[in-house]
Amino acid sequence: MRSQVLLILAGVVGLLLLSTSALAHHGAASLYDVSKETTVKVTITEFVWTNPHVEVGIASVDDKRARWLLEVGSPPNIANRGWTSKSLKVGDVVTVTFNPGLRGTRIGRLLKVVLPDGKELKA
Amino acid sequence: MRAQRLLIVTAGLLAAAVAGCAGGSAAPAPAPRPDVSGTWVHPGGPGGASLRPAEGFPLTPWAAEKMKSEKPTFSSDFRETTDPAVLYADPNGYPRIQMHPMKFKLVQTDDYVYHLWEYNQNWRQIAMNKEHSPDAPATWYGNAVGKWDGDTLVVDSTGYKASTWLTGQGVPHTEDLHIVERIRRDGDTLVVHFTFEDPGAFTKPWSAEVKYERVEDGAMIETIYTISDELRFRERFLGVPSPIPIRR
């Protein structure tokens with residue numbers, strides 16, 4: 001019984017550490033459902049290279065009313081993963097995967113984007 | 001024969017003069033200078049480094065109560081956070097900025113070591129072989145003096161604003177915080193050993209060690225985070241209207 005409690009505690013601490021390591025500005029789990037991933041083909045509606053997080057506006061290709069605002073890491077952190085301030089432009093059609101906002105909010109945490117040329121950028 | 005002997009003697013005298021000249025006027029070779037300079041980053045990924053003593057933080061009752069009342073962004077609703085680095089876009093302070101997942105650079109000169117952080121372009125100076133200024137005001141990054149102990153840079157610092165957190169988890173401190181760091185290079189690893197003393201916040205001194213990796217590319221990107229950035233983020237991602245005009 002005691003070992004089960006310890007295992008559960010270890011799991012909780014592990015999850016906390018995982019969500020902590022996601023973003024420096026705030027914990028991912030404080031805004032997003034980190035247990036869910038949404039993948040959708042979208043058109044880029046905005047790409048803002050800013051602090052504390054780069055912002056990506058998207059609209060579903062199939063349903064233009066389905067729009068989200070996604071956050072990415074901070075500029076230096078994603079630059080280390082191959083991003084530049086020109087990686088996306090308005091009108092690009094790409095496939096994004098993100099953690100959706102909690103409680104159905106139209107925000108998300110971008111996990112990766114597949115560009116028109118097939119190149120993948122991790123967020 | 002006589003001419004040949006004269007030539008040999010002359011050559012010998014010349015050689016002795018040159019050797020004497022070289023030996024007599026050369027300054028003693030300088031001691032090798034310890035080197036912690038370069039660009040470094042914590043290898044732990046975007047979450048940055050942690051600062052956790054093995055036995056937990058030895059908090060005084062005041063500090064335990066204060067930490068309990070804080071709402072870090074990692075473990076509570078972001079809207080309600082009390083983290084001053086987010087709520088007011090305050091500088092991280094020290095050593096919290098040193099746990100940040102971005103790069104930092106150490107630049108050595110004869111009289112100062114400069115500690116430059118990519119995050120927010122913040123920096124501190126470590127005055128070498130000097131005493132603490134007796135009337136230095138409390139600042140975000142403290143009053144730091146340093147000296148070499150063999151290959152280790154020993155930094156002694158005081159004079160920190162009490163409003164900063166030591167870590168993103170909300171570990172508090174008072175203006176009596178005293179930090180001693182022992183910084184040394186082990187190949188491509190920078191080892192920083194911290195010891196913290198603060199009778200108002202900790203029941204005893206405690207230590208922690210953090211390691212950083214050398215970065216080949218020393219380029220650092222401007223990333224200045226302002227209150228406008230924070231309010232804009234809150235407006236766009238949380239739907240919280242800004243109470244003041246902000247830059248768009």
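The following paragraphs describe the confidence and the fold of a predicted model of a complex.

Residues are numbered from 1 along each chain as its sequence is written, and chains are lettered from A and ligands numbered from 1 in the order in which they are written. In this predicted model, local features need pLDDT of at least 70 and side-chain atom pairs count only at pLDDT 80 or more, while totals for chains, interfaces and linings use all residues.

For the complex, the predictor reports an ipTM of 0.78 and a pTM of 0.80. Confidence per residue is expressed as pLDDT, on a scale from 0 to 100. Chain A has a mean pLDDT of 83, with 80% of its residues at 70 or more. Over residues 5-23 of chain A the pLDDT stays under 50, and the model has 18 contacts beyond four places in sequence for them; a contact is a pair of residues whose C-beta atoms, placed from the backbone, lie within 7 Å.

Chain B averages a pLDDT of 87, and 86% of the residues score at least 70. Its secondary structure comprises four helices and nine strands, taken as DSSP runs numbered from the N terminus (helices H or I, at least four residues; strands E, at least two). Along the sequence these follow the order α-β-α-α-β-β-β-β-β-β-β-β-α. Within chain B, mean confidence is highest in strand 6 (residues 152-158), at 98, and lowest in helix 1 (residues 2-25), at 47. Where pLDDT is low, the predicted coordinates should not be read in detail.

Of the contacts in chain B with a separation of 6 or more, 53% involve residues 24 or more positions apart.

Definitions and conventions: Contact = placed C-beta atoms within 7 Å. pLDDT = per-residue confidence, 0-100.
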